[in-house]
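Grab the viewer and work through a few exercises with me. Try each task yourself before you read its solution.

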Amino acid sequence: MNVELVQRTGELERFDLSQSAMTILTGPRNSSKTTTLKVIDYCLGGRGSVAEDLGAPIDEKYAALSIQIAINGQPHWLTREFGFGQRGVVQIDDDTAVPVVQMSDWLLGKLGWPRLTIPLGRNAGTATQQTPLSFRSALRHIYRREDSWTEFASKEQEYLRRAVVSLFLGFAPQRYETTEYELGRAQRQLAAAEAVLRDVLASTDEATRAVVHQLGLPPVVNADSLQGVRDEIDRRLTAAQSERDALAGAAARARQADETAPGLDPGLPAQLQEASAQAADAAGRVASLLQVIDEHQRSMRLVAADLERFNRLTDAVDAFDAVPVRICPACEQDVDPRRVHDEASCYLCSQSVVGDARRRRAEREQQALAAEQSDLADALARAASDLRQARQNEAEASERRVRLAGRLHDERVTQLAPFVAALEDAAREIGLIEQQRNALPALEIILARRQQAEHAVETARQEVARLTRLAALDADASADIPDRCGVLADHMNSFLRHFRDRGWVAGQVTISGDELAFYVGTRPWDHSLGAEARVLFFLAYSYAILRLTDAEDRRTCPPGILLLDNPYQQGLPADVVVHAIGRIGTAADQVGGQVILTQARPVSGITAPHASIQMPQEYAT
């Protein structure tokens, strides 16, 4: 592997990490050892910003980062450029630009690793969602960060850890391309369908019984019985309608025969029609006269009001005529009305005085209104007389109409009496049958809903049975999973036995095939190990997944590379760490893998083949 950094000034910095199976980056603190590993991680598809994943100094100083990797012996350059619009892609070999979100698929494809979706939860049978198993998830186990030496991967969910381990051991397809998730989903769908069916059965049975009981229908159990009920109702309706038509025909023939019988008047319908017309005309005449009288009475009230106004006018003239003038309107001096003056002249201005024209005009208006009032009274009297006559005529016409109608009714009853009861019975029977027939579509909808619920339950049961059979086959195909877990545990134990009483406890590592849980002795690893032992545990885990490269089983997915950032952790003695690094480096040399690790102390005591690179302090902080 090679790492290249292009500064914004154009200067190129290159680090050759392929000189040996194990490369150790050394240097004091803040000499970019950890940052170099972060550069590798970022070029393999890191999705954060440059400042977030690598730090602001890298973003400010460099224009592009590149790493050269070999996948199945074929080299590839992966480049991340920091120009506008280029940060979201990875340039591969200068000819292919892959979006960062698709980089995992590209790497999985090149490695020949399966692309899987895994249940989003520890129990596949109860999980409701799935998520892709990405290369980034596996990289978290390959790249041992400085802050994750006491856990498999920082902030990693348990279901994801199991998926990564099963991927490395080669049985992830058997574990996740199985029917376990689909079986769990099918079982949940079956439970939901059965719950719906229970509700539907309760509601439909109650509704069906109510309709059947209320309408007097035959028992209805399902759609087939409903069709039989419909056929029976149609037959009854046809028979009832035929019976009604026969009775109506017989009644019509009997009526025609009775019209010529002695004692029956065939002219009664015409007489009744004439009497009805006369009664209607008389009622119209009464209504017209009532309207005329109402108009005359309104006019009389108006005339009386006008006469009253004129009477008030003449009374006012008489009242003010005797009031003397005592002040001259011109000079405002007192005037004596008793002073000597001509009787025919005004005592104030001495001019001659004629009769009062106001009184004469009012009297003429009163005379005209009195004449109009007399005419209106005569008209009202005539209208009242006409109204009495019209009402008498209306009563006579109405009485004649009622009398003729009674005679006609009696004659018709006499003619139709033998058929009336039968026709009424037939009409009631037809009405009941039609009501029953109109209720059938509603019953059909109710039964169809139940049938759909029953069909959904049956379909779900068949799917559960099918997936159960497939799950049994999957279990048979997964019989070798415990053996593969045993191989990984054996590699870890072969590593750890060299550290007995040197930080490691007296216990063997075992891995359960079902849960992929790691045990030390009889207890889970995280319940048994202290901080120092945990560092050794994960060194052993890194050693074991590196040794998978030499496995004869081609189904395994060994990473072939380890990135170990500062394994000197948790107070573990330095000589123990050096010994562990040496064993890991030897394994990498034997299987053709590669290990890149960082340490602040000088390289000494490591016997495995390795290359050392002294990092420059001015590289990046």
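A word on ground rules: residues count from 1 along each chain as its sequence is written, and side-chain values use heavy atoms, with hydrogens and water left out. Since this is a prediction, local features need pLDDT of at least 70 and side-chain atom pairs count only at pLDDT 80 or more, while totals for chains, interfaces and linings use all residues.

**Exercise 1. Work out the strand order of the five-stranded open sheet, and find what packs on it.**

Step 1. Helices (H or I, at least four residues) and strands (E, at least two) are DSSP runs, numbered from the N terminus; two strands pair if DSSP finds at least two bridges between them.

Step 2. Reading across, you get E10-E14-E15-E3-E16, with parallel pairing. E10 (143-144) and E16 (611-614) each have a single partner strand, so one side of each lacks a neighbour in the sheet.

Step 3. Zoom in on E3 (residues 22-26): four bridges tie it to E16, and Thr23 has Ala611 as its bridge partner there.

Step 4. H14 (residues 531-547) touches E10, E14 (561-565) and E15 (594-599), and its direction makes about 160 degrees with that of E14. H15 (residues 574-591) touches E3, E14 and E15, at about 155 degrees to E15. Contact means heavy atoms within 4.5 Å; axes are lines fitted to C-alpha atoms, for helices over the stretch in contact, and angles run from 0 to 180 degrees between N-to-C directions.

**Exercise 2. Which side chain of opposite charge is nearest to Asp565?**

Step 1. Asp565 sits in strand E14 and is buried (under 20% relative accessible area, 1.4 Å probe, protein chains only).

Step 2. The nearest opposite charge is Arg145, 6.9 Å away, and Asp565 has no salt bridge (a side-chain nitrogen of Lys or Arg within 4 Å of a carboxyl oxygen of Asp or Glu).

Definitions and conventions
Buried < 20%, exposed > 50% of the residue type's maximum accessible area, 1.4 Å probe, protein only. Lys, Arg positive; Asp, Glu negative; His and termini not counted.
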